[in-house]
Amino acid sequence: MTLIKSNNIFMDRNFTTLKEVMDFLSEQAIALGISDDQEAIYKSLIKREAEGSTGMMEGFAIPHAKDSSIKHTDIVIIQLNKKIEWESLDGGGIDFVIALFVPDSDAGTTHLKLLSQVARLLLHKDVTNGLKRAQSAEEIEKLLNEKLEEN
């Protein structure tokens with residue numbers, strides 16, 4: 001199954017706050033047919049962030065939403081053109097967002113497996129460097145799908 005799709009990848013975005021990122025993610029969840037309830041998605045993303053930051057290391061964040069309005073598991077990726085403040089594990093800003101959207105029905109299984117896979121990928125310098133160097137959505141799609149298939 002190809003989980004990463006180039007039309008779900010947004011390059012060189014100019015956001016300045018976490019709220020702007022969350023607004024954009026909830027808008028895209030509707031535009032991409034992931035959900036039909038933008039407000040529910042936004043609330044789910046914010047609620048999860050309030051439980052503990054999804055900011056990882058080296059500029060990456062993995063926000064995630066679980067909600068009954070989500071029709072299928074999907075991933076949306078945003079590459080920012082500059083770092084924004086986000087309570088990350090290393091205290092640095094975030095410039096790469098990998099957002100997970102999971103239906104309530106898959107919350108305990110698919111969600112945890114996918115989150116674990118993505119987080120593990122970000123421990124590998126070849127992956128993080130490749131993502132940071134990528135010049136197109138297609139490059140990101142290819143790299144992540146190949147790495148996810150290996151796991």
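Reader: Is the crossing of α1 and α2 right-handed or left-handed?
Author: In this predicted model, the axes of helix α1 (residues 18-31) and α2 come within 8 Å and cross at roughly 140°. An angle over 145 degrees would count as roughly antiparallel, and α1 is therefore oblique to α2. The handedness of this crossing is right-handed.

Reader: By class, how many nonpolar, polar and charged residues does the contact of α1 with α2 have?
Author: From α1, the residues that meet α2 include Leu18, Met22, Leu25, Ala29 and Ile30, and also Lys19, Asp23, Ser26 and Glu27. On the side of α2 they are Gln38, Ile41, Tyr42, Leu45, Ile46 and Glu49. Sorted by class, the contact has nine nonpolar, two polar and four charged residues.

Reader: Which term describes how α4 and α5 are oriented to each other?
Author: Helix α4 spans residues 125-133 and helix α5 spans residues 137-150; their axes come within 9 Å and cross at roughly 165°. The crossing in which α4 passes α5 is left-handed. Angles over 145 degrees count as roughly antiparallel, so the relation of α4 and α5 is roughly antiparallel.

Reader: Which residues in α5 meet α4?
Author: The residues contributed by α4 are Asp126, Val127, Gly130 and Leu131. By class, the contact has five nonpolar, one polar and two charged residues. The partners in α5 are Ile140, Leu143, Leu144 and Lys147.

Reader: The side chain of Asn145 has a polar atom 2.8 Å from which backbone oxygen?
Author: Asn145 lies in helix α5. With a relative accessible area of 10%, Asn145 falls under the 20% cut-off and is therefore buried. The backbone oxygen at 2.8 Å from its side-chain polar atom belongs to Ile4.

Reader: With the side chain of which residue does the side chain of Asn8 make a polar contact?
Author: Asn8 is found in the segment before β1 (9-13), and its relative accessible area of 2% makes it buried. Leaving aside neighbours within four places in sequence, Asn8 is in contact with Leu32, Ile34, Asp74, Ile75, Val76 and Ile77. The polar contact between side chains, at 3.0 Å, is with Asp74.

Reader: What distance separates the C-alpha atoms of Ser53 and Glu87?
Author: Not counting residues up to four places away in sequence, Ser53 touches Trp86, Glu87 and Ser88. Ser53 and Glu87 are 34 residues apart along the chain. Their C-alpha atoms are separated by 5.8 Å.

Reader: What is the phi of Asp12?
Author: Asp12 lies in strand β1 and, at 53% relative accessibility, counts as exposed. Most residues other than glycine have a negative phi. For Asp12, phi is positive, with a value near 55°.

Reader: Where is Glu58, a residue with a phi near 55°, found?
Author: The phi of Glu58 is a positive value in a residue other than glycine. At 39% relative accessibility, Glu58 counts as partly exposed. Glu58 is found in the loop between α2 and β2.

How values were computed: Residues are numbered from 1 along each chain as its sequence is written. This is a predicted model: local features need pLDDT of at least 70, side-chain atom pairs count only at pLDDT 80 or more; totals for chains, interfaces and linings use all residues. Side-chain values use heavy atoms; hydrogens and water are left out. Axes are lines fitted to C-alpha atoms, for helices over the stretch in contact, and angles run from 0 to 180 degrees between N-to-C directions. Helices (H or I, at least four residues) and strands (E, at least two) are DSSP runs, numbered from the N terminus. Angles under 35 degrees count as roughly parallel, over 145 as roughly antiparallel, 65 to 115 as roughly perpendicular and the rest as oblique. A crossing is left-handed if the near helix is turned anticlockwise from the far one by less than a right angle, and right-handed if clockwise. Contact means heavy atoms within 4.5 Å. Ala, Val, Leu, Ile, Met, Phe, Trp, Tyr, Cys and Pro count as nonpolar, Asp, Glu, Lys and Arg as charged, and the others, Gly among them, as polar. Buried means under 20% relative accessible area, exposed over 50%, partly exposed in between (1.4 Å probe, protein chains only). A polar contact is a pair of N or O atoms within 3.5 Å; within protein, one must be able to donate a hydrogen and the other to accept it, and residues adjacent in sequence count only if both atoms are side-chain atoms.
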